[in-house]
Amino acid sequence: MNFTEQNLRLYAVTDRAWTGKMTLLEQVEAALQGGATCVQLREKTLDPDAFLAEARAMAALCRRYGVPFLVNDNLDIALASGADGVHVGQDDLPVEEVRRRVGSRMIVGVSAHNVREALAAQAGGADYLGAGAVFGTATKKNVTPLARQTLCDICRAVHIPVVAIGGVGPDNLMQLAGTGVAGAAVVSAIFGAPDITTACRHLRALSDGMTAVPQD
């Protein structure tokens, strides 16, 4: 799949904490209908068979919408499910090993919290970076928010696109304007919203406006 910084404009990261009235797959489709430009499946507790079945279904759904689908952390599931890519953190499989195993056929994203990590990820073959947490977040505990200047420095230091993640929602997304990020990765403001499609339309409009502001 052709992957550009436009695919990072509104990056939806799943969290099944808000499933109930809708399945996770139904929630993801609602996000896609609202303008999500990328989907990352994040699962920490599913057994491997259920995880793989879910990933395959989500890959097929995203394919219908022409939107990249990535799996968080688990390269084996990403490969087996037909995902477009995988996202790894600093404590996961090294990006060099991921790139060696997937070659050029998959998108590889890496989490970065400073310029050193960003440059190392780029050198190792990352296609994009996830930088954060840019705001306080309930998704991950004991995370210190990333300073705005650090986010700007990361964006300036690399030539691959950067997506901001961590506590991003409609009330603070525009604070990212001018940092150089290509878009926002959003969890609870999408999947915890009472109307996911409407929430995504609003977030997408904000992100489009945010990225149009010149870098600081």
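This is a predicted model: local features need pLDDT of at least 70, side-chain atom pairs count only at pLDDT 80 or more; totals for chains, interfaces and linings use all residues.
Some ground rules. Local features need pLDDT of at least 70 and side-chain atom pairs count only at pLDDT 80 or more, while totals for chains, interfaces and linings use all residues. Residues are numbered from 1 along each chain as its sequence is written, and side-chain values use heavy atoms, with hydrogens and water left out.

Let's start inside. A nonpolar core is a set of buried Ala, Val, Leu, Ile, Met, Phe, Trp, Tyr and Cys residues joined through side-chain atoms within 4.5 Å. Buried means under 20% relative accessible area, exposed over 50%, partly exposed in between, with a 1.4 Å probe and protein chains only. The largest core has 63 residues. Phe69, Leu129, Leu151, Val162, Leu176 and Ile190 touch the most other members. Which helix gives the most to this core? Helix H2, residues 48–65, with 7 residues. Helices (H or I, at least four residues) and strands (E, at least two) are DSSP runs, numbered from the N terminus. Another core, of 12 residues, lies apart; Tyr11 and Tyr128 are among them. In soluble globular proteins, nonpolar side chains tend to be buried together.

Next, the strands. Two strands pair if DSSP finds at least two bridges between them. Strand S4, residues 85–88, is covered on both faces. Gly85 and His87 are buried on one side, Val86 and Val88 on the other. Strand S3 (residues 69–72) runs parallel to S4, joined by 3 bridges. Asn72 has His87 as its bridge partner. The chain goes from S3 through H3 to S4 in a right-handed β-α-β crossover. Right-handed means that, with the strands pointing away from the viewer, the path from the first strand over the helix to the second runs clockwise. On to strand S5, residues 107–112: 4 bridges join S4 to S5, again in parallel. Val86 stands opposite Val108 there. S4, helix H4 (residues 95–102) and S5 also make a right-handed β-α-β unit.

Last, the rings. How many aromatic pairs does the structure hold? It holds 2. Rings of Phe, Tyr and Trp (its six-membered ring) pair if their centres lie within 6.5 Å; planes under 30 degrees apart count as stacked, over 60 as edge-to-face and the rest as tilted. Phe3 and Tyr128 have ring centres 5.7 Å apart and planes at 45°, so this pair is tilted. Tyr11 and Tyr128 are tilted too, at 5.9 Å and 55°. Tyr11 sits in strand S1 and Tyr128 in strand S6, 117 residues apart. Ring pairs link Phe3, Tyr11 and Tyr128 into a cluster.
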